[in-house]
Amino acid sequence: MTVAASTAALGTSAAFAQAMLDEKDAQAVALGYVADAKRVDAKKFPKFAAGQNCANCALYQGKAGDKAGGCPLFAGKQVTAAGWCSAWAKKA
Ligand code: SF4
């Protein structure tokens, strides 16, 4: 819960605070989401390349500099800027 605790202090960039996505959430597990891209299992996800994270994913809804933001794949939850999942797509 440390991520949720630190994110709660981030302030008001979101209209109202959303819960942080738990890596153990069924959808998170299905997509291989981790809150820290450094922990991506490169054997399991060979397409992962260092430097990819939610902050530079096309689907990420947080603003630059935010520690967390929404992701349409995980409705109602926030993913960490430093996170990653197997649906990562390069931001245009
Ligand atoms: Fe992060 Fe993109 Fe996966 Fe959403 S789709 S969890 S923003 S890597």
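Predicted model: local features only at pLDDT ≥ 70, side-chain atom pairs only at ≥ 80, totals over all residues.

Visitor: OK. How much accessible surface does the protein chain have, and what share belongs to carbon and sulfur atoms?

Guide: The accessible surface is about 5700 Å², and carbon and sulfur atoms account for 60% of that.

Visitor: How many helices and strands are in the protein chain?

Guide: There are 2 helices and 3 strands. Starting at the N terminus, the order of elements is α-β-α-β-β.

Visitor: And in what order do the strands sit in the sheet?

Guide: They go β1-β3-β2, in an open sheet with mixed pairing.

Visitor: Do β1 and β3 run parallel or antiparallel?

Guide: Parallel, with 2 bridges joining β1 to β3. As for residues, A19 has K77 in β3 as its bridge partner.

Visitor: Switching topic: how many aromatic pairs does the structure hold?

Guide: It has 3 aromatic pairs. One of them is Y33 with F74, a tilted pair with 5.8 Å centre to centre and 55° between the planes.

Visitor: Where in the chain do Y33 and F74 lie?

Guide: Y33 is in the loop between α2 (26–31) and β2 (68–70), while F74 is in the loop between β2 and β3 (77–80).

Visitor: Are Y33 and F74 buried or exposed?

Guide: Y33 and F74 are both buried.

Visitor: What about F45 and W84, what kind of aromatic pair do they form?

Guide: F45 and W84 are edge-to-face, at 5.5 Å centre to centre with 65° between the planes. F45 lies in the loop between α2 and β2 and W84 in the segment after β3, so this pair ties together parts 39 residues apart in sequence. Both F45 and W84 are buried.

Visitor: Which residues do ring pairs link into a cluster?

Guide: F45, F48 and W84.

Visitor: Last one. Of the contacts between residues at least 6 apart in sequence, what share joins residues at least 24 apart?

Guide: That share is 60% in the protein chain.

Definitions and conventions:
Residues numbered from 1 in each chain as written. Heavy atoms only, no water. Phe/Tyr/Trp six-rings, centres within 6.5 Å; stacked < 30°, edge-to-face > 60°. Helix = DSSP H or I, 4+ residues; strand = E, 2+ residues; numbered from the N terminus. Buried < 20%, exposed > 50% of the residue type's maximum accessible area, 1.4 Å probe, protein only. Contact = heavy atoms within 4.5 Å. Areas by Shrake-Rupley, 256 points an atom, 1.4 Å probe, with all protein chains shown as cover. Pairing = 2+ DSSP bridges.
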